[in-house]
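The following account leads the reader through one protein model, element by element. Please keep the sequence and the coordinates in view while reading.

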Amino acid sequence: RSARCPPPERAAAALVGAPSGAMAKRDEVETALGALFAAYDLDESGELSRDEFVKIEMRLAFESGEVYKVDSGAARMTLMDKDMSGSLDYEEFRCRFLTNYTEMGMSREEIIEHVHKQVKIALLERARMGPRFHAGIRQVLRQIFFLFDTSGDGNLSPEEWICAQKAVAIEVSDDFDEGWIDEAAFAAADTDGNGLLDLTEFMEASFSMFEGVKKRTDAILVTLQRVVKVLEAQQGQGRKETPLVQVYVQAEAPEFQPPHLSWQDEGTEDNPDKNMGKWKKAGEVCLPLNLATADDVASLIRLMLKMSSETWISIFYCGPPRPDGGPRAITLLRGERAGEGNTLAFLQYLGKPNADTRLFVKNVRKRPSKLTRQQRAFLEERDALLAKKTGQCWGLDWETQLVGEGFQLPPRPMIVKVGDTVVFEVPQSDENGEYKYSTNVFMDRTDVLSKPVDENIEPKKAKKSKKERKKKQEKEKTDE
């Protein structure tokens, strides 16, 4: 029995059984084998690695109730790998399967039926392996990528990402974490840091998100198909965006100044471009018209400037000319929720012929952490906890700290040790003008200061040294 691949003419004759229509019949077999190769190719690289080959072969064996031996599977792949590259291309894969079918004496119809059955089983097993290997999910994700890529350059820019995010967020909010396509997700997916996402980066980021979603692969596929329909409808309406906008940032971060001083370096009516030398152009961007809030605009600007999503910025623009010919008003972009502020008017203004298409970014600072109110112990529990304290108890109250009466306690700096208690009390008045103290605790991280904990810690006994253990053993022998 020869392990060599039969020539195409001989293989065709063996598979077809008649000269008439041989090429068409052979094409049908080739199509089926191509589909089987694609089903084996888990990462769609065009080559089968040893890991991919063994994974599918093992699952096909289990599905048919056969015992699969990894060593035998690896040896089988070695026989197929004619160029000893460690992977299989389509020709090597096709050659081996045609040889096996020919040696088994299978007819063309039997081969086609068997290959179609193997393809179906392989795709089913891939679906069971999770979203990363699901052929349908991979296909739809590629479709979504190219719908995102409205410029057609094979990469996703920040403006394409943010524009698509606004359309997709509503569709996925009930099924996926909206963070799949938010500002932070773009920065995390951009592994090479070039400010763009290619198909590989987009696919990998999507799979990482899906792995944390407790949903069946068929449910994920249905949601992604809805996303495709939304994007196709949006594309049918045509992409709507502003003209190119120039983004300026401060050349050097200025020192903090109080309001009565900070405005003095701004432009004036006599000199509207005063201190423009302190600004530098950071780039250009077209703003999608479906942005609804100031933070939507800020998200796109941060991505363009490669700033962290945990950064707060203020965005200013020059408004329309004044009727009296005075300088344009410097306006802060506002609007926390859709329909509020001036974001919509700002986007519409940028499309007008007399618009000043410059944005100025300043007040760059870290986004403050969100404090959450922590649950308090009930009074009786609190008193029981305080009764067990071994350290000091300092009270930071209204009178001592703000009114100025009494002494400033505790001493500065205040060092809090294990066992100490810190109580913050702020007075609030009722309708009768009477004051009572209200104590609340707000934290953003409980790993720095924990909630009240009542835990009995038994000190561990010190381990005896080898010398002491040896001495004890000798004494026990002597006693015996």
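The model is predicted: local features need pLDDT of at least 70 and side-chain atom pairs count only at pLDDT 80 or more, while totals for chains, interfaces and linings use all residues. Residues are numbered from 1 along each chain as its sequence is written, and side-chain values use heavy atoms, with hydrogens and water left out.

H6 comprises 21 residues, 108-128, and spans 30 Å from its first C-alpha to its last, close to the expected 30 Å (1.5 Å times one less than the number of residues). Helices (H or I, at least four residues) and strands (E, at least two) are DSSP runs, numbered from the N terminus. Just after H6, Gly130 adopts a positive phi of about 115°.

The next element is a sheet. Five strands form an open sheet in the order E4-E3-E7-E5-E6, with mixed pairing; two strands pair if DSSP finds at least two bridges between them. Strands E4 (279-285) and E6 (330-332) stand at the edges with a single partner strand each, so one side of each has no neighbour in the sheet. On average, neighbouring strands of this sheet are turned by 35° against each other, direction ignored (axes are lines fitted to C-alpha atoms, for helices over the stretch in contact, and angles run from 0 to 180 degrees between N-to-C directions). E3 (residues 245-250) runs antiparallel to E4, and six bridges join the two. Within this pairing, Gln250 stands opposite Trp279 in E4. Helix H13 (residues 294-305) packs on the sheet and touches E3, E4, E5 (311-318) and E7 (358-366), where contact means heavy atoms within 4.5 Å. The direction of H13 makes about 105° with that of E5.

Glu183 and Arg302 form one, with their closest N and O atoms 2.6 Å apart. Because Glu183 lies in helix H9 (residues 183-189) and Arg302 in H13, the pair ties together parts 119 residues apart in sequence. Glu183 is buried at 8% relative accessibility, and Arg302 is buried at 1%. Arg302 also meets Asp295 in a salt bridge (3.4 Å, N to O); Asp295 is partly exposed at 40%.

How values were computed. A salt bridge is a side-chain nitrogen of Lys or Arg within 4 Å of a carboxyl oxygen of Asp or Glu. Buried means under 20% relative accessible area, exposed over 50%, partly exposed in between (1.4 Å probe, protein chains only).
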